[in-house]
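Here is my note on the model, written as numbered points for a reader who is new to looking at structures. Please keep the sequence and the 3D view open while reading.

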Amino acid sequence: MARLAAEFWVQAYLARLRLVDIPAFVVARGDDVAGSVLVKQSTLDGQAALYERRFDLMSGDRVWDCVISGPEGDVDQTITRQRANDPDLWVIEVEDRQGRHLLDQDGLA
């Protein structure tokens, strides 16, 4: 299966969020072609969740897994550690009090 360039996926994701009025922005820009993407979902109450896309060996699908959820400071520390190990990593922050991130919609895996 052909992979979509990271920058193209990020721009499409941000556009989809804008269509439903969910604020989001790029916190860290990774490699334009092969960078992995983390999505931080903040509920603006001091809580957050961090999502990472992985390949499910059982189904053969790409899926979004929650890496950590809880106090926003803990989520930010996890992002800092992952960025230290992978400078090509993209980080997108989504801000929505309802906890919407759209990662479960078709076309975003």
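Where is the place of D104? I take this question up in the first point and then turn to the rest of the chain.

1. The place of D104 is in the segment after β5, and, as the model is a predicted one, this placement should be read as part of a prediction. D104 counts as exposed because its relative accessibility is 65%, and the cut-off for that word is over 50%. Between the C-alpha atoms of D104 and Q77 there are 25 Å in space, while the two residues are 27 positions apart in sequence.

2. L102 also has its place in the segment after β5, but L102 is buried, with a relative accessible area of 11%, where buried means under 20%. If residues up to four places away in sequence are not counted, L102 touches R16, L17, V20, I22 and L108. The C-alpha atoms of L102 and Y13 are separated by 8.7 Å, although these residues lie 89 residues apart along the chain.

3. R97 is a further residue that is found in the segment after β5, and with a relative accessible area of 64% R97 is exposed. Leaving aside neighbours within four places in sequence, R97 is in contact with T43 and L44. From C-alpha to C-alpha, R97 and I22 are 9.6 Å apart in space, and in sequence they are 75 residues apart.

4. Along its principal axes, the C-alpha trace spans about 40 × 35 × 30 Å.

5. Of the contacts in the protein with a separation of 6 or more, 67% are accounted for by residues 24 or more positions apart. Buried residues make up 36% of the 109 residues, and the protein exposes about 6400 Å², of which carbon and sulfur atoms supply 50%. As for charge, there are 12 positive and 19 negative side chains, and the centres of these two sets lie 2 Å apart.

6. The largest nonpolar core has 18 residues, and among these W9, Y13, V37, V39 and I92 touch the most other members. At least two residues of this core come from each of α1 (6-19), β2 (37-42), β3 (47-55) and β5 (90-95), and α1 gives the most, with six residues. Apart from this core lies another one, of eight residues, among them A28, L38, I79 and V91.

7. What is V37 in contact with, leaving aside its neighbours within four places in sequence? The partners of V37 are W9, V10, Y51, E52, R53, W64, L89, W90 and I92.

8. Is K40 buried or exposed? K40 counts as buried because its relative accessibility is 4%, which is under the 20% cut-off, and the place of K40 is in strand β2. Leaving aside neighbours within four places in sequence, K40 is in contact with A48, A49, L50, E72, V75, D76, I79, I92, E93 and V94. K40 and I68 are 28 residues apart in sequence, and their C-alpha atoms are 9.6 Å apart in space.

9. D21 has a positive phi of about 60° although it is not a glycine, and its place is in the loop between α1 and β1 (24-28), where D21 is exposed with a relative accessible area of 64%. L44, also a residue other than glycine, has a positive phi near 65°. L44 is found in the loop between β2 and β3 and is partly exposed, with a relative accessible area of 39%; L44 is also one of the residues in contact with R97.

Terms used: Residues are numbered from 1 along each chain as its sequence is written. This is a predicted model: local features need pLDDT of at least 70, side-chain atom pairs count only at pLDDT 80 or more; totals for chains, interfaces and linings use all residues. Side-chain values use heavy atoms; hydrogens and water are left out. Buried means under 20% relative accessible area, exposed over 50%, partly exposed in between (1.4 Å probe, protein chains only). Contact means heavy atoms within 4.5 Å. Accessible areas come from the Shrake-Rupley method with a 1.4 Å probe; for residues, only the protein chains shown count as cover. Lys and Arg count as positive and Asp and Glu as negative; His and the chain ends are not counted. The place of a charge is taken as NZ of Lys, CZ of Arg, CG of Asp or CD of Glu. A nonpolar core is a set of buried Ala, Val, Leu, Ile, Met, Phe, Trp, Tyr and Cys residues joined through side-chain atoms within 4.5 Å. Helices (H or I, at least four residues) and strands (E, at least two) are DSSP runs, numbered from the N terminus.
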